Amino acid sequence: TFMQLALYDRTRGYYGAGNVRTGWLGHFVTSPELDPAFGELWASAFDQIWTACGRPPVFEIVEIGGGEGGFATAVLRSAPKPFADSLTYRIVERSPQVSERQRQIIGPDPRVSWVQSIDELDNIEAGCVFCNEVLDNLPVHVIEGNGKGFVELFVGRDDDELVYVEGDPSSEEVSAYVARHGLNPPDGVRMEVGVAAEQMVRRLAANVQRGAVIAIDYGDTSGGLAEHAQGTLVSYSQRGADDDVLVGVGTKDITSHVNWTAVSEALSTSGFDVFGPVKQRDVLHALGSAAVDENLRDRHRDAVLRGDGAGALRTLSRRQALGALTDPGGLGGLDVVIGTCDCDLPFVQQA
């Protein structure tokens with residue numbers, strides 16, 4: 001409840017208040033805002049998914065949390081024909097202020113529509129659900145081992161300060177998640193319980209009759225998460241990163257690593273074949289990032305030969321951005337998990 005309010009309260013939440021949080025004017029830059037090549041490469045992936053689905057007359061992309069609209073813009077502008085003629089695009093965005101900015105960035109396009117909740121989504125006969133750095137922002141429960149099992153940590157008050165308060169598990173869902181995914185924290189070790197992320201993935205998978213569900217995020221398996229003694233909750237703001245999520249509430253992002261064991265099981269029990277987690281750099285390479293870099297290199301050389309300094313600088317900047325997207329120590333180190341239903345994807349096998 002604390003994390004839900006801190007992030008999504010309509011008046012004071014970090015995201016819910018509608019302020020610019022991502023992109024060059026925000027507190028951090030995500031892959032879509034770094035360079036349009038990210039969206040262009042994924043447009044190629046969506047084209048492959050459409051083909052694997054038998055090239056249906058209508059193919060729907062659903063983007064969960066569209067940021068400032070950069071990803072949708074790149075995909076819509078670069079989608080090749082005849083795929084582009086079948087494409088519809090739906091953005092799930094809970095903030096009216098953010099969706100308005102997305103409309104301004106994307107521009108008038110009859111293929112694009114908006115909803116505020118995944119509960120408003122219709123069944124997707126053929127299509128793809130795309131979640132880029134979304135699951136890590138969903139509210140989590142926090143548990144801590146106490147030698148005999150675990151307690152749940154709640155948020156309470158001590159005078160004017162917010163503090164953690166120990167208590168019994170808040171619901172059967174928490175206990176069931178812990179048992180289902182083998183979360184047995186040793187004494188004093190904290191772990192996050194991502195019930196909301198698991199439920200969202202299962203809900204989205206139930207919507208897709210044929211196609212794919214794609215999640216990109218920082219995460220780990222249940223076993224890997226147990227190695228983080230203090231858990232993975234962290235805050236981000238214009239001042240950088242810190243692990244004190246109870247201070248500066250509403251002025252900082254709050255994230256936790258995604259439990260890929262839980263996400264993969266949610267997909268597989270929904271009838272999906274699961275690929276990953278694999279690193280973003282490997283997926284982008286399979287989608288043709290090397291060819292994009294070569295093209296930018298040639299354009300840079302030609303601009304230099306023409307004496308076009310501005311053009312040379314633009315292409316050089318784009319090459320550097322592409323390098324950041326595939327840098328294993330940066331955005332290239334993000335994990336990608338893909339669930340497919342009734343379709344085989346060539347780029348998945350190459351990554």
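Student: Before we start on the sheets, when do two strands pair?

Tutor: Two strands pair if DSSP finds at least two bridges between them. Please also keep in mind that this is a predicted model.

Student: OK, so what is the strand order in the open sheet of three strands?

Tutor: The order is β12-β11-β13, and the pairing in this open sheet is antiparallel. Its edge strands are β12 (240-242) and β13 (253-255), each of which pairs on one side only. From one strand to the next, the twist averages 25 degrees.

Student: How many bridges join β11 to β12?

Tutor: Strand β11, which covers residues 234-237, is joined to β12 by three bridges, and the two strands run antiparallel.

Student: And which residue in β12 is the bridge partner of Ser235?

Tutor: The partner of Ser235 is Asp242.

Student: Let's move to β9. How many of its residues are buried?

Tutor: Seven of the seven residues in strand β9 (residues 211-217) are buried, so the strand is described as mostly covered.

Student: Do β4 and β9 run parallel or antiparallel?

Tutor: Strands β4 and β9 run parallel, and six bridges join them.

Student: What about β9 and β16, parallel or antiparallel?

Tutor: That pairing is antiparallel: seven bridges join β9 to strand β16, residues 335-341. Within β16, Thr340 stands opposite Ala212.

Student: New topic: rings. How many aromatic pairs are there in the whole structure?

Tutor: A search of the whole structure finds ten aromatic pairs. One of them is formed by Trp42 and Phe46, with 6.2 Å from centre to centre and 35 degrees between the planes, which makes the pair tilted.

Student: Why are Trp42 and Phe46 separated by about one helical turn?

Tutor: Both belong to helix α3 (residues 37-52), and they are separated by about one helical turn because they are four residues apart.

Student: Is Trp42 buried or exposed? And Phe46, buried or exposed?

Tutor: Trp42 has a relative accessible area of 1%, so it is buried. Phe46 is also buried, because its relative accessibility is 0%.

Student: What sort of pair do Trp42 and Phe130 form?

Tutor: Trp42 and Phe130 form an edge-to-face pair, with 5.3 Å between centres and 65 degrees between planes. This pair links distant parts of the chain, since Trp42 lies in helix α3 and Phe130 lies in strand β4 (residues 127-132), 88 residues apart. Both Trp42 and Phe130 are buried.

Student: Which residues form one aromatic cluster with Trp42?

Tutor: The cluster that contains Trp42 is formed with Phe38, Phe46, Phe71 and Phe130.

Student: Next, charges over rings. Where does Arg94 lie?

Tutor: Arg94 lies over the face of Tyr8, at 3.8 Å from the centre of the ring.

Student: And which ring has the charged end of Arg103 over it?

Tutor: The charged end of Arg103 sits over the ring of Trp114, at 4.2 Å from the ring centre.

Student: Last one: at what angle do α12 and α13 pack?

Tutor: Helix α12 (residues 289-306) and helix α13 (residues 309-325) pack at about 160 degrees, and their axes are 8 Å apart.

Student: What does that angle say about their directions, roughly parallel or roughly antiparallel?

Tutor: Angles over 145 degrees count as roughly antiparallel, and α12 and α13 are therefore roughly antiparallel to each other.

Student: Is the crossing left-handed or right-handed?

Tutor: The crossing in which α12 passes α13 is left-handed.

Terms used:
Residues numbered from 1 in each chain as written. Predicted model: local features only at pLDDT ≥ 70, side-chain atom pairs only at ≥ 80, totals over all residues. Heavy atoms only, no water. Phe/Tyr/Trp six-rings, centres within 6.5 Å; stacked < 30°, edge-to-face > 60°. Buried < 20%, exposed > 50% of the residue type's maximum accessible area, 1.4 Å probe, protein only. Lys NZ or Arg CZ within 6 Å of the ring centre and 35° of its normal. Axes fitted to C-alpha atoms, helices over the stretch in contact; angles between N-to-C directions. Parallel < 35°, antiparallel > 145°, perpendicular 65-115°, else oblique. Left-handed = near helix turned anticlockwise from the far one by under 90°.
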